[in-house]
Amino acid sequence: MTLQEMYPKEWTDLTNQKVPKDEIDEYLLNFVSRLLREVKNGKREEDDLGDGWSMIINLKEGGYNLNPEVYSFLFRLGDYGLEETLGSGDSEYGKMLYSPEEVEIELKRVAKKLGINLEL
């Protein structure tokens with residue numbers, strides 16, 4: 001199943017730039033928050049947490065300028081579901097994230113730092 005099929009509303013919102021540029025960071029953090037909630041409730045596979053990164057790499061070039069903290073967080077979700085032994089566990093953006101607990105801690109840290117209220 002493609003991202004467009006899994007998340008039709010979000011795909012349309014992001015690829016057609018329907019999300020105001022000043023709300024993109026909040027939108028993406030809340031998208032990951034929803035994925036995390038669905039993982040905890042057994043409605044989604046843990047590997048789907050990496051879709052936060054997958055969604056932004058499909059955005060039109062220059063369409064949105066993410067806050068560096070949000071970009072870093074989403075980048076570190078890019079390897080979600082892969083074995084930590086595939087690399088050092090670190091990236092140029094910090095420690096990669098390998099569990100829902102790590103994702104939740106980092107999600108809340110980034111949101112708090114940016115003053116974003118998450119829909120938990």
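Reader: How many Å is the polar contact that joins the side chains of Asp13 and Tyr27?

Author: Happy to start there. This is a predicted model, in which local features need pLDDT of at least 70 and side-chain atom pairs count only at pLDDT 80 or more, while totals for chains, interfaces and linings use all residues. Residues are numbered from 1 along each chain as its sequence is written, and side-chain values use heavy atoms, with hydrogens and water left out. A polar contact is a pair of N or O atoms within 3.5 Å (within protein, one must be able to donate a hydrogen and the other to accept it, and residues adjacent in sequence count only if both atoms are side-chain atoms), and the one between the side chains of Asp13 and Tyr27 is 2.7 Å.

Reader: Is Asp13 buried or exposed?

Author: Buried means under 20% relative accessible area, exposed over 50% and partly exposed in between (1.4 Å probe, protein chains only). The relative accessible area of Asp13 is 10%, so this residue counts as buried. Other residues of H2 share that label, including Glu10, Trp11 and Leu14, and their cover includes helix H1 (3-6), H3 and H4. To answer you in one word, Asp13 is buried.

Reader: Are H2 and H3 roughly parallel or antiparallel to each other?

Author: Axes are lines fitted to C-alpha atoms, for helices over the stretch in contact, and angles run from 0 to 180 degrees between N-to-C directions. The axes of H2 and H3 (residues 24-40) come within 12 Å and cross at roughly 160°. Angles under 35 degrees count as roughly parallel, over 145 as roughly antiparallel, 65 to 115 as roughly perpendicular and the rest as oblique. H2 and H3 are therefore roughly antiparallel.

Reader: How many charged residues are in the contact of H2 with H3?

Author: On the H2 side you find Lys9, Glu10, Asp13 and Leu14, and on the H3 side Ile24, Tyr27, Leu28, Phe31 and Arg34. Ala, Val, Leu, Ile, Met, Phe, Trp, Tyr, Cys and Pro count as nonpolar, Asp, Glu, Lys and Arg as charged, and the others, Gly among them, as polar. Nonpolar residues number five, there are no polar ones, and the charged residues number four.

Reader: How many nonpolar residues does the contact of H3 with H6 have?

Author: H3 and H6 (residues 100-114) pack at about 150° with their axes 11 Å apart, so this pair is roughly antiparallel too. Leu29, Val32, Ser33, Leu36, Val39 and Lys40 of H3 meet Pro100, Val103, Glu104, Leu107, Val110 and Ala111 of H6. One of these residues is polar and two are charged, and the nonpolar ones number nine.

Reader: What value does phi of Gln17 take?

Author: Gln17 sits in the loop between H2 and H3, and its relative accessible area of 36% is why it counts as partly exposed. Most residues other than glycine have a negative phi. Gln17 has a positive phi, and its value is near 50°.

Reader: Which residue caps the N-terminal end of H5?

Author: Look in the loop between H4 (51-56) and H5. There a side-chain oxygen lies 2.7 Å from the backbone nitrogen of Glu69. The cap is Asn67.

Reader: And which percentage of the 120 residues of the chain count as buried?

Author: The chain has six helices and two strands, running α-α-α-α-α-β-β-α from the N terminus. Of the contacts with a separation of 6 or more, 58% are between residues 24 or more positions apart. The buried share of the 120 residues is 45%.

Methods: Helix = DSSP H or I, 4+ residues; strand = E, 2+ residues; numbered from the N terminus. Contact = heavy atoms within 4.5 Å.
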